[in-house]
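Dear colleague, here are my notes on your model, point by point. Please have the structure open as you read.

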Amino acid sequence: MYEGIRSPVIHTPKTINEFNTTILRYPNSQIWAGGTYIMSQEEYYPSDAKDAIIDLGGIEEMKKITRNDRFVEIGAMVSASQLLYAGKLILPEILQKTLQTLASQIVRRQITIGGSLCIPEVRFALSTTLAILDASAEFKYYQGGKVSTHWVPISRMYDKTGKLALGAEIALMTRIRIGLDHGDFHSLSTVEDPIRNTDKCVIFAFQANRTQNSLSKVQFCMSFPTKAFYMSKDIESKLSSLTLPIHPERVNTISYELVAELKKQHSTITELQLERGRRMFESVLHKLNSKTLQA
Ligand SMILES: Cc1cc2nc3c(=O)[nH]c(=O)nc-3n(C[C@H](O)[C@H](O)[C@H](O)COP(=O)(O)OP(=O)(O)OC[C@H]3O[C@@H](n4cnc5c(N)ncnc54)[C@H](O)[C@@H]3O)c2cc1C
């Protein structure tokens, strides 16, 4: 009756070095952080392809948050709620806002930073925000019995459809680093629940610097969770040369340029998502204008 059902082997390394030894010995293992995404998949029990679990929960060095004058470092096993709690004074406001949008308080205790950024095929708010904050992630790569370490900008961790694009090697994210030099204007907006209405959802993160009446260092990222992870150097640099307030006609033309780029690069985005993305973009530029006029 129970033929075919078996318990997976669970490895519980206590240090990154122990993890390295384990993964090199059992390269087909499933890396397990909070487990919230893995357990939501239809066949999460180890299959023929993934014959064991490596639980990262015992690796204390991946649960640290440290800060110096220039950056904050956050271990990949820090949970969303731990970071929110610890980070009130040290995190950029947009990142705090992002963490608050992740699921419910209870689920936030389980979701880890590494798990959130390493979901293979869907992009949510954390990847979107960290991409515009110029954050990077440290990865250990395992190939040919060897371990190597690389820092990867979070904006380059994904392909244009939002899939994790770290290459064929096994990779472990150990920590992320976020610089503390940010623009003075930030905005994060999300339309629709990214889990329940993934195909209708749009997530938009934006930051810029306002010096006197000119806009500089504009960075933005728009995610369509299963379809696109969109950043545009071209539109960022067009915005970065504008004077504030931006003329409403220019707001309009540039938002249609964004739509034209999105259509060209991402044919799977629906008309509804495109229109939502355009309106979110316009609304941020209007918000920038009104802040300028209030100052
Ligand atoms: C009810 C519910 C609602 C949610 N709502 C939202 C939401 O609104 N917005 C949002 O952003 N998220 C939301 N989430 C969370 C999101 O869907 C994922 O479940 C979560 O981000 C995964 O984090 P985890 O730590 O549980 O990762 P896991 O499920 O353990 O792992 C996820 C993937 O990352 C890999 N992985 C994990 N850690 C590492 C690492 N350090 N290095 C390399 N690979 C790693 C795993 O192998 C796996 O493939 C929600 C989850 C639930 C259950």
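1. Thr 211 has Ser 214 in β11 as its bridge partner. Strands here are DSSP runs of E with at least two residues, helices are runs of H or I with at least four residues, and both are numbered from the N terminus. Two strands count as paired if DSSP finds at least two bridges between them.

2. A word on the basis of all this. The model is predicted, so local features need pLDDT of at least 70 and side-chain atom pairs count only at pLDDT 80 or more, while totals for chains, interfaces and linings use all residues. Residues are numbered from 1 along each chain as its sequence is written.

3. β10 and β11 belong to an open sheet of four strands, ordered β9-β10-β11-β12, with antiparallel pairing. Its edge strands, which pair on one side only, are β9 (185-191) and β12 (228-230). Neighbouring strands are turned by 10° against each other on average, direction ignored; the axes are lines fitted to C-alpha atoms, with angles from 0 to 180 degrees between N-to-C directions.

4. The domain assignment gives domain 1 (7-181) and domain 2 (185-294), with bounds from an automatic or database assignment. Their C-alpha centres lie 27 Å apart. Across the boundary, 21 residues of domain 1 are in contact with 19 residues of domain 2, contact being C-beta atoms, placed from the backbone, within 7 Å. On the domain 1 side, α6 gives the largest share, six residues.

5. Strands β6 (residues 136-143) and β7 (residues 146-153) pair antiparallel over eight bridges, and Glu 138 has Trp 151 in β7 as its bridge partner. Two residues lie between the strands of this hairpin, where Gly 144 takes a positive phi near 55°. β6 is also joined to β8 by seven bridges, again antiparallel, and Ser 136 stands opposite Arg 177 in β8.

6. Finally, the ligand. It is surrounded by 32 residues, the closest being Gly 34, Tyr 37, Gly 114, Gly 115 and Phe 124; a residue counts as near if its C-beta atom, placed from the backbone, lies within 6 Å. Elements giving two or more residues to this shell are β2 (30-32), α5 (113-117), α6 (125-132) and β8 (170-179). The shell has 22 nonpolar, 10 polar and no charged residues, where Ala, Val, Leu, Ile, Met, Phe, Trp, Tyr, Cys and Pro count as nonpolar, Asp, Glu, Lys and Arg as charged, and the others, Gly among them, as polar.

Note on methods: Contact = placed C-beta atoms within 7 Å.
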